[in-house]
Amino acid sequence: MTPRLALRGTALLYLAALLVLPVGLVLFRASEKGLAPVVDSLTTPQGMHAFYLTSIVVAIAVPLNTIFGVATSLLIVRTKLPGRKLIDSVIDLPFAVSPVVIGLSLVLVYGNDGFLGGPLSDAGLKIIFSTPGIILATVFVSLPFVVREVSPVLREIGTEQEEAAGTLGASPWQTFRRITLPAIRPAVGYGVVLTTARALGEYGAVSVVSGKFSGRTETATLFVEDRFQSFDLTGAYAAAIVLALMAVAVLVGMNLLDRNRRLRHGN
Amino acid sequence: MSALSVPLRRSEARRVRFPGAAPAGALSVAYLSLVVLIPLAAVAATGMEDGVDGFWEAVTKPQALSALKLTLLVSLAVAAINAVAGTLIAWVLVRDDFRGKGFVNALIDLPFALPTIVAGLTLLALYGKGSPVGINVAFTQIGVALALLFVTLPFVVRAVQPVLIELDPEVEEAGASLGAKPLTVFRRIIFPAIRPAMLAGVALAFGRALGEFGSVVLISGNLPNKTEVASVYIFGLIELGDKQAAAAVSVVLLAASLLLLTTIAALSRKGARP
């Protein structure tokens, strides 16, 4: 065996043992009794509610972080506002902090005895152990993706075209819509895909703030754990497979967007 | 790259060019503060609410110390394995050619896309009780390491891969034709070129391992003093309602993350230098 083949074999074996076989086994286990038990456990009121709650959370958290991400990238790269360097340096924090610590941090501020949660709950808005808390946790964990994708592209495209448009009489809004936005669109798309994947799959932070009330504050990932702890392996595998298929869809999307991006950059 | 995208001078690139930039900036800072900064500050404040003594007492409890020690040791081991395995996979993906390479390449991102609880569940299906291959690492430290290896796999691969693509294979071939053994070529030509990227990837993997929760929680069994990592210990304290102790141990993890972020920033500055 040549060294090249040995290296290839080792790499592929490592990937098979760590990724392919475990994921493949769960796919197989979930499908070996046919689709009926899978469908049955996903269409229980509890299962349906879990996926419903996850889609609500994604539908709110992803647009929020997209708008924040594009606006913040413009602020960091295109303005001289004081504090932009500080924003740039703390924007990655959510990636560096443990999901459990993120959950705890939100409980401390937005819980009933927190300094913001107290007044809010007096005003009738319950955050922790309720849907807003789950959304907040999801926003926290997936906050940096769009900024991370968009700001390097803004740096790279420079400002000549925007300045030219301005000189030719375009309003700032026209310049943004006609020049800047088309240039950053692939990066925004990539960031949105990554944000969505993280929002769909977040477990740790959500687990702390949700209180895990089945059928009320249980998201899809919490449902997987709940089924597993209740010795309902079929249910756990079924929900896991749906989440894994979503992950695969995300992977395919990432690859397509990446290809478009490379074509656009001409290499 | 077209001639149009010549980098501008700093002063030009950083002009305020959007009316309403100031209010938008204020909104952006408010969002970041409400979601991230104030909550993280609250963790530090709560960890210290009983003074330095209270903080010290919480983090030096035997169970806390043992969780922190396990977290550090397993994360170091996982980072080291990633340094080797990640570089090897990156090399195979760049320099080797075989059918299905595109598929393998896409597969590398799977751990980033797959929810962590699903990752833990799949590992437990193959390497847990009733394993079809006869390997049971559930409720062991090896199981914890396995879960962390799964979720940290992409970091080193994705850091090293672009550097290897940029590295001209002719330099390696020249080295080899001058009589250098493959190991010498790696040590003298490849390794110096990829080292900054590899270190950055290893640091990211290490940081992720320090805080990881979802993939570990099922396979570790959370046995105190044996398989309980810091994030799981903190989770247990939250469930018990001991917020001060939970926050104190979190401060240790936060400090480690901040240190690491600074290191990564320094490393990437070093890597960017020609």
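**Close-ups of a predicted two-chain model**

Of the 267 residues in chain A, 46% count as buried (20 or more other C-beta atoms within 10 Å of the residue's own, with C-beta atoms placed from the backbone). This is a predicted model, so local features need pLDDT of at least 70 and side-chain atom pairs pLDDT 80 or more, while totals for chains, interfaces and linings use all residues. Residues are numbered from 1 along each chain as its sequence is written, and chains are lettered from A in the order in which they are written.

**View 1. Chain A on its own.** Chain A has 14 helices and zero strands (DSSP runs numbered from the N terminus: H or I of at least four residues for helices, E of at least two for strands). Its C-alpha trace spans about 70 × 65 × 30 Å along the principal axes.

**View 2. Helix 3 against helix 9 in chain A.** Helix 3 (residues 45-78) and helix 9 (residues 144-157) of chain A pack at about 35°, axes 8 Å apart (axes are lines fitted to C-alpha atoms over the stretch in contact, and angles run from 0 to 180 degrees between N-to-C directions). Among the residues making the contact are A:G69 and A:S73 of helix 3 and A:V150 and A:L154 of helix 9 (contact: C-beta atoms, placed from the backbone, within 7 Å). The residues of this contact split into eight nonpolar, six polar and two charged (Ala, Val, Leu, Ile, Met, Phe, Trp, Tyr, Cys and Pro are nonpolar, Asp, Glu, Lys and Arg charged, the others, Gly among them, polar).

**View 3. Where chain B meets chain A.** Here 75 residues of chain B touch 72 of chain A. On the chain B side, helix 2 (residues 21-47) gives the largest share, 17 residues.

Technical notes: Two residues are in contact if their C-beta atoms, placed from the backbone, lie within 7 Å. A residue is buried if 20 or more other C-beta atoms lie within 10 Å of its own, exposed if 12 or fewer, and partly exposed in between; C-beta atoms are placed from the backbone.
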